[in-house]
Amino acid sequence: MQRRYITVDVFTDRAFGGNQLAVVLDAGGLTTAQMQTIATEFNYSETTFVLPPRDKAHDAEVRIFTPVREMPFAGHPNIGTSFVLASLAKEPKPRLLFEEKAGLVPVDIFREQGRVVSTELTAPQPLSRLAQLSAEDVAACISLSADDIRTDRHAPQVVGVGTPFVVAEVRSRDALKRARSDAAAFGRLLPRDGAVSVWFYTRDVPAAEAPSEIQARMFMRGAGGYAEDPATGSATVAAAALFADLDPVRDGELKLTVGQGFDMGRPSLLLTRVRKQDGKIISAHVGGSCVQMMEGTFKLAGEG
């Protein structure tokens with residue numbers, strides 16, 4: 001059986017930017033072990049597998065794998081998968097609804113002159129604020145000093161809206177650039193409340209990196225140790241929800257443009273918005289553009 005796949009660069013409007021994603025379109029009949037092996041073979045930060053929905057009212061079941069594990073929810077896989085499916089659709093829809101381990105994920109589709117230009121997901125779960133961590137421990141994970149971690153706005157904390165991450169603020173763009181992952185420190189600190197990755201950011205953004213209002217990086221466990229992710233939608237939307245939750249005054253729609261991947265040579269722009277009413281978060285969203293890169297087919301040994 002020939003299985004079709006398409007790869008896209010996500011959270012970018014140019015080829016070879018953003019975050020790479022492989023979308024396997026004909027995933028029916030694959031076992032979990034086979035999906036994991038295929039994701040390891042692609043060796044992108046994530047690979048998605050599109051299956052028929054369990055409920056016909058939905059558009060697809062989507063399973064998401066890194067090279068080492070399955071994810072209950074992730075950002076750039078939803079943005080990229082929805083872009084691919086919407087681009088292939090004979091009858092355009094304004095919204096797709098995906099079944100995932102974390103719950104139902106709605107993704108809105110935006111078109112210009114009939115062409116899909118961007119998509120935006122709604123986080124499947126409300127904000128969870130879990131363990132607070134010390135500046136010293138988080139700094140060790142990213143090879144910085146505790147003085148490089150800013151704690152006046154919030155302590156480093158595990159947060160999530162479907163998948164948990166450690167979120168921490170660093171003081172300067174220079175500190176963000178100097179960061180390196182330390183596997184031993186990661187092993188001592190994580191996992192914690194389900195988080196196995198650290199997403200860290202700074203508000204010290206030079207004018208040359210506009211329209212980014214903050215710059216971020218994310219270190220995660222990959223097939224060969226700890227790797228860097230060029231665009232992490234699920235962590236970004238969780239952080240945006242955290243920032244909105246910390247703001248005691250502002251209601252309405254809070255928007256934030258986040259840059260990531262700039263220090264990897266894969267610049268990404270993630271557009272977030274969080275809706276608040278009467279001090280409570282109503283919904284959290286992240287979206288962006290995609291570029292299709294490659295397509296092909298593969299056949300697993302032993303399949304008919």
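**Pockets, a cavity and strand pairing**

User: Which residues lie nearest the centre of the largest pocket, and how many line it?

Analyst: Leu 269, Leu 271, Gly 287, Gly 288 and Ser 289 lie nearest the centre of the largest pocket, whose lining comprises 21 residues. On a 1 Å grid over the protein atoms alone, a pocket is an open set of points with protein on both sides within 12 Å along at least five of seven lines, and lining residues have an atom within 4 Å of a point.

User: What sort of model is this, and how are residues counted?

Analyst: The model is predicted: local features need pLDDT of at least 70 and side-chain atom pairs pLDDT 80 or more, whereas totals for chains, interfaces and linings use all residues. Numbering runs from 1 along each chain as its sequence is written, and side-chain values use heavy atoms, without hydrogens or water.

User: What volume does the largest pocket have?

Analyst: The largest pocket has a volume of about 410 Å³, that is, the space filled by probe spheres set on grid points joined across faces, edges and corners.

User: Moving on, what about the second largest pocket: how much space lies in it, and which residues lie nearest its centre?

Analyst: The second largest pocket holds about 260 Å³ of space. Of its 15 lining residues, Arg 203, Phe 243, Ala 244, Arg 250 and Leu 254 lie nearest the centre. Helix H6 (233-246), S16 and S17 are the elements that give two or more residues to this lining.

User: Which element gives the most there, and what are the classes?

Analyst: H6 gives the most to the lining of the second largest pocket, with 4 residues. By class, this lining has 8 nonpolar, 2 polar and 5 charged residues.

User: How many cavities of 30 Å³ or more are there?

Analyst: The count comes to 1 cavity of 30 Å³ or more, a cavity being a set of points where a 1.4 Å probe fits but cannot get out. About 150 Å³ of space lies in the largest cavity. Its lining has 21 residues, of which Glu 46, Met 71, Phe 165, Met 218 and Met 220 are the closest to the centre.

User: Which elements supply at least two residues of the lining of the largest cavity?

Analyst: Helix H2 (75-88), strand S14 (214-222) and H6 each supply at least two. The lining of the largest cavity has 9 nonpolar, 8 polar and 4 charged residues.

User: Changing topic, do S6 and S7 pair in the parallel or the antiparallel sense?

Analyst: S6 and S7 (residues 103-112) pair in the antiparallel sense over 6 bridges; pairing requires at least two bridges found by DSSP. Leu 97 has Pro 106 in S7 as its bridge partner. A hairpin through 2 residues joins S6 to S7.

User: And in which sense does S4 pair with S6?

Analyst: S4 (residues 60-65) and S6 (residues 95-100) pair in the parallel sense over 2 bridges. Glu 61 stands opposite Glu 99 in S6.

Notes: Ala, Val, Leu, Ile, Met, Phe, Trp, Tyr, Cys and Pro count as nonpolar, Asp, Glu, Lys and Arg as charged, and the others, Gly among them, as polar.
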